[in-house]
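Me: Hi! I'm new to looking at protein structures. Could you go through this one with me?

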Amino acid sequence: RRFRDECENLDPQAIAALVAARQGADWSSETSSRTLTDAKPTALLTIRELLTRQSSSLARLSDTRLPKQLGLVTGDGLLTHAGELMLCSHEDSVIGRALYLYRRAAGSEPIVERLDHPLPELLDRLDDLIWARRETAPVNYPDGTQVSIAGFPKIAVREALANALLHADWRYEHPVRIEQSPESLVITSPGPLVDGVRPDNVLTIGSTPRNGTLFNAATHMRLSERAGQGIDRIYRELIRAGQDTPVIENTPNSVTVRMSCRTPRTELVMMIGTLPDRLDESLHVLLALLTLTERRTISADQLASISQDERATAECERVLIRLAEDATGILEPTAESAAHRLPRYRFRAECLQRLGRAVAYHRADPIDLDLKVRRHLADWGEINNRTLQNLFDVDIERARVMLNDLRKRGIVMKLPGPERGRSVKYGPGEAL
């Protein structure tokens with residue numbers, strides 16, 4: 001089977017899983033060796049509470065009929081593999097169903113927990129462990145509202161955990177592995193992606209879940225979104241938190257979802273939070289804005305490729321046009337491509353100023369900064385905050401930081417006159 005750039009031999013377990021998938025077999029519906037008497041006492045109560053929250057009529061069924069209706073018990077009273085996963089602790093508590101490792105710093109000794117709970121309880125426990133060690137950053141909106149954003153957003157984390165637990169190939173007898181540090185969250189589940197799904201089409205491909213019976217039961221409890229939507233949610237929530245999109249790695253024996261926690265792009269978070277007409281719910285919109293913080297322009301066909309849907313070029317063009325309308329006022333077509341069928345779009349100048357350091361190509365290089373300031377002083381003899389805003393497309397706060405740096409290094413010095421406000425001017429410093 002082909003993985004990345006080369007073909008690799010599959011082990012017997014992987015071959016069996018591939019054959020079963022192509023035959024439409026569902027391992028989770030098969031009979032296990034355990035019965036309802038092996039169920040953890042609180043497991044069925046937890047499932048009933050989850051169903052009650054969803055106002056599901058299943059919550060009113062008896063303790064005998066409920067597991068049968070969810071496909072967790074066979075007619076002869078044995079648990080299916082889905083039932084074992086949902087109702088029982090792992091038979092080998094040393095291995096467990098999940099291995100959680102937390103490192104306070106890269107390379108440090110990890111805090112390790114092995115967990116063997118039934119899946120609904122396991123999901124909650126892992127969610128709590130990760131959330132308790134979250135890193136947050138404040139964001140102040142123009143209306144005075146302040147919110148804290150987490151480097152690993154709760155919705156994205158829960159969806160990634162649910163995917164790992166529900167889509168894992170439990171025939172491998174390996175636990176789901178979660179590695180957390182302040183810089184990253186890495187979730188690895190046993191077994192490769194299901195046949196036909198790859199990291200470069202995971203946003204758009206429709207597929208049959210590996211564990212159909214298990215997934216259907218989980219869907220009733222709303223442990224995870226239906227096919228495809230869960231990955232979208234992970235992408236959306238990470239971008240809304242000012243983070244990069246996840247990296248998904250597929251090998252013959254495992255799937256890894258890697259989330260990195262960088263200093264959040266708080267300016268981008270504010271821009272997304274003030275988008276009109278719920279545009280922040282569109283993954284195309286979010287991917288376009290995130291991409292433009294790393295590259296200067298984007299076109300509809302490029303956005304369709306980033307969105308993993310080459311057929312969505314027309315839809316992506318409508319998204320870019322919407323963002324370029326005066327009512328939204330974020331993008332504009334470049335002058336040289338405005339007449340093209342698919343123009344290239346860029347941030348408007350005022351948006352670049354608002355985004356400031358969130359835009360990678362607008363972080364002023366010290367050499368470039370000094371050169372432009374020296375040239376301006378040679379031509380005009382003075383400089384002020386407004387001049388720096390116009391020269392570097394930054395906002396007033398960023399320009400103030402730049403002026404302070406220039407003054408400390410002796411490139412500029414304050415001229416006689418006002419001490420505060422827009423009228424403060426600077427001339428050539430001693431270093432010139």
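Predicted model: local features only at pLDDT ≥ 70, side-chain atom pairs only at ≥ 80, totals over all residues.

Me: Which residues is Phe 347 in contact with, leaving aside its neighbours within four places in sequence?
Reply: Phe 347 is in contact with Met 271, Leu 289, Leu 292, Thr 293, Ile 330, Leu 331, Glu 332, Leu 352, Leu 355 and Tyr 361. Contact here means heavy atoms within 4.5 Å.

Me: Which residues touch the most other members of the largest nonpolar core?
Reply: Met 86, Leu 87, Ile 178 and Phe 347 do, in a core of 100 residues. A nonpolar core is a set of buried Ala, Val, Leu, Ile, Met, Phe, Trp, Tyr and Cys residues joined through side-chain atoms within 4.5 Å. There is also a second, separate core of 15 residues, with Leu 369, Leu 377, Leu 388 and Met 402 among them.

Me: OK, new topic. Why does Ala 164 count as buried?
Reply: Ala 164 counts as buried because its relative accessibility is 6%. Buried means under 20% relative accessible area, exposed over 50% and partly exposed in between, using a 1.4 Å probe and protein chains only.

Me: Where does Ala 164 lie?
Reply: Ala 164 lies in helix H6, residues 154–167. Helices (H or I, at least four residues) and strands (E, at least two) are DSSP runs, numbered from the N terminus. Beyond its neighbours within four places in sequence, Ala 164 is in contact with Val 176, Ile 187 and Ser 189.

Me: And helix H2, which of its residues are buried?
Reply: In H2 (residues 43–53), the buried ones are Ala 43, Leu 44, Thr 46, Ile 47, Arg 48, Leu 50 and Leu 51. Their cover includes helices H3 (65–69), H4 (81–87), H5 (119–132) and H7 (212–221). After H2 comes Ser 55, whose phi is positive, near 55°.

Me: Which residues of H5 are buried?
Reply: Among them are Leu 119, Pro 120, Glu 121 and Asp 127.

Me: Last one! How many helices and strands does the chain have?
Reply: The chain has 16 helices and 16 strands. Buried residues make up 50% of its 432 residues.

How values were computed: Residues numbered from 1 in each chain as written. Heavy atoms only, no water.
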